[in-house]
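Hi there,

Here is the structure I promised to pass on to you. Have a look at it first, and then read my notes below.

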Amino acid sequence: MVSEEVNSKKQRNEECFINCLPRDLIERVFLRLPVSTLLMCVGVCKPWQNLIRDPQFVTLHLKHVSHFALLFFGKESIAGERHPSDAILIDEAWSQSTYAVPVVRPDDILFGSCNGLLGLYTKTSSIKIANLATGECLHLEKPVKNLKGDHFSSYSFGFHPLTKEYKITHFLRDCVEDHPENKDRFKFIQVYKLGDETWKDIRTPEDLSLNCVRNSGSINVDGTMYWLTEDMAANWHHAVMSFDLGKESFARIQLPASVPEDCASGGPRRYWIRDINGKISIATAQTHPSEPTRLVGELQIWTLDNKAEQRWSQNYNILATDYIPGPSLAHGEKLLTQCRDGNLYSYELLAENVTSKVLKMAKLLDFSPRKPDNMQSYICVKSLVRLDVYKKAGIVCRPNQREGLESKKWEAWQQMLSKMEELWSCIHQKENHSIASSQQLRIRLNALLPHLSDDSIRQQIGMEIGQKFPVFPDQKARSLRRLNFVEQKRDREALDARINKYLEIIKGTTEALDNISSMINSAIQVQVGASISNVVICSQNHSEGEDAVDI
């Protein structure tokens, strides 16, 4: 009987009331929930788990997720100090993330992002695909191990919406020793489809420039990869090459017929291929004649309106900034720009007849001391896309043991983070100790007040005791998650301010205590003096009384 009651209660608990609703209604509710909430819902009951992990639901959920700008800063050494790779997310309300992205290790370099998955390059023999939201990772063997001159910019990662396939591409650099002039060119693209056993080589229509890829970038839009290549016969001396990830075929797109006007004081012109809200765009500006990394004059931005007709339109013509973020140049309705002052700005623009008016310029973040030319910007989402379905492929490998060895060079950085936490813990302990000591001292001082006979002095000292003792800012619990480097900088500033505030409060408390002690001593001296005077007067009166008796 007891067993039946237990089983009945268990059954009632498992039959959540929401499961009585039609499945399509439950699905419509879940489609509007963020990934973080859905990941918690997976453990509620089996029906929810089956629904949330259904590949069809995962695909539908991608259409409802919010978009983020992911700003990635690669590892670098500045003034002898190592800075690990790090990333910052900016949501649609332009709020910045606080914590580091867990799947990004100190040595990882981002080379692609699609449907919530990140492609991460390492100096080891493997590359990594990671889900930004779930933390799931897939390590894949590189197409060529120990390739000389291998670089993260030679890799790309995309998804084809028709075939539903994720593919990684690699520009295979020519390494023919007899032809050193070809070292910066490639004639093969290596392609890997997630779940396949091996990479495959696909011959390009002609030898193409790898320098153009590194200098101008590459983008993935709607299942096709685009990059710039040299075309000396064209007006712009460049053309757009495309590679369809589904058909695995190449095509060439000519740039606009009109030639950008150069100013006499400017240097050579640079070109970048960028993604602006899902549109293929070309940005171009002149460089400074004596400083090739600086831009001068105007930045022109052209967008491909019709791929079949190869028709372009110039959308923006603005003052050139120091650096052009990419591969995504915009987040929502705003362009992202970088300056040498170590700041990232957003420009809200309105295009009118090839003339752009700056409606609003806003500073997003101070990324110093990071170098401005070491930042990438991607538009990403948080998704439920699972990687475990691809883990049985022959190319999948375990994390390289070298990662453990590489981590040793980050010991100083780890120690710095630990030191920061120790300092926060120390200042909190000192504040708590000061509060406890002050409370005990207040009790002892208040116990002295009844012994003071002068009411006005007793009231004045009581007010001093109540007002002058330390009141520290509230202590917030420290998260176990690591802050991103921008928040770490703010955290250090907050710690310095907190330490200075503590020292200021202790100094003020000490001065207040000295003042209170002086007031109490003065009051006691006055009271003792009055008592002595009373004793003398009483003694004199008593002596005069005895003399009168004798007479």
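Phe 159 is partly exposed, at a relative accessible area of 21%; here buried means under 20% relative accessible area, exposed over 50%, and partly exposed in between, with a 1.4 Å probe and protein chains only. Please keep in mind that this is a predicted model, where local features need pLDDT of at least 70, side-chain atom pairs count only at pLDDT 80 or more, and totals for chains, interfaces and linings use all residues. Residues are numbered from 1 along each chain as its sequence is written, and side-chain values use heavy atoms, with hydrogens and water left out.

**Aromatic rings**

A pair of aromatic rings is described by the distance of the centres and the angle of the planes. Rings of Phe, Tyr and Trp (its six-membered ring) pair if their centres lie within 6.5 Å; planes under 30 degrees apart are called stacked, over 60 edge-to-face, and the rest tilted. Searching the whole structure gives 15 aromatic pairs. One of them joins Phe 159 to Tyr 166, a tilted pair with 4.5 Å centre to centre and 45° between the planes. Tyr 166 counts as buried because its relative accessibility is 5%. Another tilted pair is made by Tyr 192 and Trp 199, with 5.6 Å centre to centre and 40° between the planes. Tyr 192 is buried at 1% relative accessibility, and Trp 199 is buried at 13%.

Ring pairs also link Phe 73, Phe 367 and Phe 485 into a cluster. The charged end of Arg 370 sits over the ring of Phe 485, 4.7 Å from its centre. For this, NZ of Lys or CZ of Arg must be within 6 Å of the ring centre and within 35 degrees of the ring normal. Lys 382 lies over the face of Phe 68 in this way, at 5.2 Å from the ring centre.

On a 1 Å grid over the protein atoms alone, a pocket is an open set of points with protein on both sides within 12 Å along at least five of seven lines, a cavity is a set where a 1.4 Å probe fits but cannot get out, and lining residues have an atom within 4 Å of a point. The second largest pocket holds about 570 Å³ of space, a volume being the space filled by probe spheres set on the points, which are joined across faces, edges and corners. α3 (35–41) gives the most to this lining, with 3 residues; helices (H or I, at least four residues) and strands (E, at least two) are DSSP runs, numbered from the N terminus.

**One serine**

Where is Ser 154 found? Ser 154 is in the loop between β8 (137–141) and β9 (155–160), and is buried at 2% relative accessible area. Leaving aside neighbours within four places in sequence, Ser 154 is in contact (heavy atoms within 4.5 Å) with Thr 169, His 170, Phe 171, Leu 210 and Arg 214.

Enjoy exploring!
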